[in-house]
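Hi there,

Here is the structure I promised to pass on. Have a look at it first, and then read my notes below.

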Amino acid sequence: MRLVAGNWKMNGSRALVGEMIGGLAERMSGAPPRCGVAVCPPAHLLEAARAAAGEGVQIGGQDCSDEAGPGAFTGELSAAMLADAGCRYVIVGHSERRQRLGEDDALVRAKAGQALAAGLIPIICVGEVLSEREAGEAVARVTAQVRGSLPDGAKRGAVVVAYEPVWAIGTGLTATGEDIAEMHAAIGRELGDLRQVVPILYGGSVKAKNAGEILSTAGVDGALVGGASLALDEFWAIVAAA
Ligand code: PEP
């Protein structure tokens, strides 16, 4: 199943939940899309988001602890807590966390494992920085991240991979169709037999205007969308393109 997932990052309010998630639920009940739709708001909005989402829109967290908990981990949210809040997905290994907080593959793998154990679907983010692409190391870097971040127990419907070139996130730049197809094929080879059952999303400045082209690129099973997931018409156009 194709998937379009919105990552609100540290944006949003109760008002935006009503407007965006309520609005999406309403549009989806009138015209059910042929792809899964998920929104990952900040943690304080999860409950309101779940209430506004209805049947069609799935809710996800933006991160989870590598500890199962419960326990003394101030500021952390366990995967089980996200499941309790009605989440279906959780993003792990987003580049903003890998880069700013130094999260490495082993930590991302542990978080993804906790997500699986709690019955959530981890959206495991991988992607190269610009210097790695310029040095011709992008494929090696990204496939190594996939190898290092994928938890045991990944099977049909259990895990999603999101390829997000770091230099394309929030910058308005996108990879070329050729680069995206090459990387998705390389990730697919790395996944081996799992490729049949693990969707690979593309993320990095996906907008209404480029969604059709990106989503029809070989090997692209959906999109992880940041900025454009904060405006209803823009996000809905991406869902329609998928
Ligand atoms: C993201 O945060 O995962 C992302 C892809 O952001 P943007 O769409 O704004 O580039």
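Threonine 217 sits in the loop between α9 (208–215) and β8 (222–225); helices (H or I, at least four residues) and strands (E, at least two) are DSSP runs, numbered from the N terminus. Threonine 217 is buried, because its relative accessible area is 13%, and buried means under 20% relative accessible area, exposed over 50%, partly exposed in between (1.4 Å probe, protein chains only). A polar atom of the threonine 217 side chain lies 2.9 Å from the backbone oxygen of glutamate 213. That is a polar contact: a pair of N or O atoms within 3.5 Å, where within protein one must be able to donate a hydrogen and the other to accept it, and residues adjacent in sequence count only if both atoms are side-chain atoms.

Before you go further, this is a predicted model: local features need pLDDT of at least 70, side-chain atom pairs count only at pLDDT 80 or more, and totals for chains, interfaces and linings use all residues. Residues are numbered from 1 along each chain as its sequence is written, and side-chain values use heavy atoms, with hydrogens and water left out.

Helix α9 also holds alanine 211. With a relative accessible area of 0%, alanine 211 is buried too.

Now the ligand. Which residues come nearest to it? Out of the 14 residues around the ligand, they are Lys9, Glu164, Gly170, Ser205 and Gly226; a residue is near a molecule or strand if one of its heavy atoms lies within 4 Å of it. The shell has four nonpolar, eight polar and two charged residues. For these classes, Ala, Val, Leu, Ile, Met, Phe, Trp, Tyr, Cys and Pro count as nonpolar, Asp, Glu, Lys and Arg as charged, and the others, Gly among them, as polar.

- a ligand oxygen atom is 2.9 Å from an N or O atom in the side chain of histidine 94;
- a ligand oxygen atom is 2.8 Å from a polar backbone atom of serine 205;
- a ligand oxygen atom is 2.8 Å from a polar backbone atom of glycine 226.

On its own the ligand has 300 Å² of accessible area, and the protein covers 98% of that. Accessible areas come from the Shrake-Rupley method with a 1.4 Å probe; for residues, only the protein chains shown count as cover.

Is glycine 170 buried or exposed? It counts as exposed, because its relative accessibility is 75%. You'll find glycine 170 in the loop between β6 (160–163) and α8 (177–191). Its C-alpha atom is 6.8 Å from that of glycine 227, which is 57 residues away along the chain.

Most residues other than glycine have a negative phi, and most peptide bonds are trans. Serine 205, in the loop between β7 (200–203) and α9, has a positive phi near 55 degrees, and it counts as buried because its relative accessibility is 10%. Lysine 9 has a positive phi as well, about 55 degrees, and its place is in the loop between β1 (3–7) and α1 (14–30). Glycine 69 and proline 70 are joined by a cis peptide bond, with omega about -5 degrees; proline 70 belongs to the loop between β3 and α3.

A search of the whole structure finds one cavity of 30 Å³ or more, and the largest cavity has a volume of about 30 Å³. On a 1 Å grid over the protein atoms alone, a cavity is a set of points where a 1.4 Å probe fits but cannot get out, and a pocket is an open set with protein on both sides within 12 Å along at least five of seven lines; lining residues have an atom within 4 Å of a point. Grid points are joined across faces, edges and corners, and a volume is the space filled by probe spheres set on the points. α4 (95–100) and β5 (121–126) each supply at least two residues of the cavity lining.

The largest pocket holds about 560 Å³ of space. Its lining has 22 residues, with Lys9, Met10, Gln62, Asp63 and Arg97 nearest its centre, and α4 gives the most, with three residues.

Cheers
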